[in-house]
Every structure is written in C-alpha cells, then in structure tokens.
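Please consider the following protein chain together with its three-dimensional model.

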Amino acid sequence: MEILKNVHARNLVEWAKDKPETYVLSADLTSSSEAHLFRDAYPARFLSMGIAEQNMLAFAGGMAREGLIPMIHTFAVFIYRRAYDQIAMSVAYPNLPVIMVGFLPGILTPGGATHQAIEDISVMRSLPNMTVLETADATEVESVLDVALEAQGPVYIRMLRGEIPRLFDQKEPMKLGKARKLREGNDFVLISSGICTEEGMRAAAALADQGIHIAHYHISTLKPFDHPEIMEEIAKSKYGAITFENHSIIGGLGSIVAEQMAEYGVGKKLYRLGLNDTFVHGASKEYLMKEYGLDAMALISKVEAVTGEQYGIKEESLAETYHPALHSEAKPEAL
C-alpha cells in the first residue's frame, strides 16, 4: 500500500496557484492543519485569525460576500462546536462559498472528547445549503477541493492529514454526489465512509473467502445524498444493509441511509456500526477503532451475528492495514 505524507499541504499549494480569489484562514493551528506550505507560498493570501473561531467564521462570511473564497483550516471540532451560530447566520443562510476544512474527525486524535468530532455530520448536514464531504485516502484528499469548489456554496470537509494511504486510483478522483462501488455481492450491502472504508475492504475480502459476498459502496458526499442504485441493491440483498462510520450512529451515515431507505420504501434490516451514543476517551487510532467497534473485526463479528455462523477469521489473517506512529513527524494523530 502506498503511504503519503502531508498530502493536503502539498496539494493545496498547487491547487491554489491559479485561484487568486482563494484565501486560507487559520485559527492558530497552521502546521497542525497542513496550512503551513500555503502560508509560505502565498503569504498575502494567508490570514492567522488566532484562537477566535467565531470571529474567523463571521470574517469568512464577509470575505465571501466580496467575491473571495475563504478556506477555514482548523480541527473539525473547533469549527462547528465553537462557531455554529456564525456558520448558520453568516455562511449557510446567505449561501456563501466558504470552505471549512476540518481535521481530526471522529477518533483520529488521542485528545479525548474535547478534540474528537463525533457528531459533526449530524450538526452540519442539518444546516440548509451546506454540503458535507469526507475523505478516505490520498486520492480523495487530492481531489476534494475541486469538489468543494463545484458545490458553489458552503462546504464542510472531514479532512485527513499526516501519513495516509492511497486506496483509490488517482485516475478516479472524488466526484460530488457519486458513490464508489468497491465490490459486488448479494448477501449484504455495506455502505462506509472515511477511515472505516479501508477496514470494510479488509473485512469484505476475508468474508468473500468464506462464501459471504458483500456489495461495498464508499461514500464521500454525505450531503447531498441520493442513491437509488444503493437502495435497489439493499432491497435485493439477502440480509440487508450495514453502515460503517467514524462518527456517532445518531445523525451520521447510519441515519442518512436509514432515512433514504424509508423514503424509497426499502423493507430490509439496517445494521449501524459506529460510535454507539458515547463519548470517546483518548488513545491511538488503532486502539480506539478496536475498542469502539470501528475495525474490520467488528464488521466480521456483526456479519457472524446476523448470519448465525462463525467463520474463524482472525485479525492476523486479514490484509495488512497501515497504523502510523502516534507521534510521527507527519502528526497523523498528535495535536
């Protein structure tokens, strides 16, 4: 598996070179949100706003009214928890093109509940005019900014940083509103997002060897969400659908799929894997994914529970996944 460092930092500099209307706003977390290379390359278009997220979002709304495209860079949790009113009234209500790049979504930080954005999808997707995107690998990090610009309004991005894998072909970038179909199958339909997609790929491959075939869809556009093709597959599946997400199962991908199944009249079971109405303590990504049921083995256990079979799959037999050091130079999980 190809592992890349500082993908967003490098991509942002190249992406913005012919877009003079784009500005980056940082809330005193410039290197931690991979905005440092942009700052060095385009100092006149970089604004350090200090630890004042409410002011930063209101300021960004004013910039967007003047025809600029401000890009907020900070930890995800500090965007929507600290500045929700400013996002709602100064950005979403006037439908302005402010791109909010939120780092450390879900359990991607040892910082504990104060730094873990576990309900951000629920909060942000409820805002009118808001587009919600999530990256899962280097290819999506490299292409998400084009998608955000295409949305032509306020956009919230759950962004990856540091050392990240490449799961998808560079020739197949992220597309607005389009799901990636990763695997065919008629026993279950798996719908995953973010870092859970890699775990889903590992589990689905191991289960296929045991005769359980899963149709696997990866979702990068969480709002808007309309996938009749997925609903059709769920309706035809033997056991129903499983959602798999680095977020609370309340209001996130699990709720999104449940709402659409109801709207399309799909009468199949839905099993939601994610954070089960709980805050999370601080630890490494690898530990938290195992502890809170966000890894490949958790998905395999759910399939075993639903089918009533034991497949004898062990963690060591799964395809390898990449777990970066807690405090590497690329800061994959450190603050």
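How do the residues of the lining of the largest pocket divide into nonpolar, polar and charged? In this predicted model, the lining of that pocket comprises 5 nonpolar, 1 polar and 7 charged residues. The space within the largest pocket amounts to about 180 Å³. Its lining is formed by 13 residues, of which Glu172, Pro173, Lys178, Ala179 and Arg180 are the closest to the centre. Strand S9, residues 180–183, supplies the largest share of the lining, with 3 residues.

The wider arrangement of the chain may be considered next. The domain assignment divides the protein chain into domain 1 (3–165) and domain 2 (179–317). Taken over C-alpha atoms, the centres of domain 1 and domain 2 are separated by 27 Å. Between the two, 30 residues of domain 1 are in contact with 31 residues of domain 2.

A record also bears on part of this chain. In an unreviewed UniProt entry, the annotation "domain: Transketolase-like pyrimidine-binding" covers residues 2–167.

Ser143 belongs to helix H7, which spans residues 138–151. Is Ser143 buried or exposed? Ser143 is buried, because its relative accessible area is 5%, under the 20% cut-off. Apart from neighbours within four places in sequence, Ser143 is in contact with Pro173 and Met174. Pro173 is also among the residues closest to the centre of the largest pocket.

Conventions. Residues numbered from 1 in each chain as written. Predicted model: local features only at pLDDT ≥ 70, side-chain atom pairs only at ≥ 80, totals over all residues. Heavy atoms only, no water. Helix = DSSP H or I, 4+ residues; strand = E, 2+ residues; numbered from the N terminus. Buried < 20%, exposed > 50% of the residue type's maximum accessible area, 1.4 Å probe, protein only. Contact = heavy atoms within 4.5 Å. UniProt positions renumbered as here; feature names shortened; annotations may be inferred. 1 Å grid on protein atoms, 1.4 Å probe; cavity = no way out; pocket = protein on both sides within 12 Å on 5 of 7 lines; lining within 4 Å. Points joined across faces, edges and corners; volume = space filled by probe spheres on them. Nonpolar A, V, L, I, M, F, W, Y, C, P; charged D, E, K, R; others polar. Domains from an automatic or database assignment.
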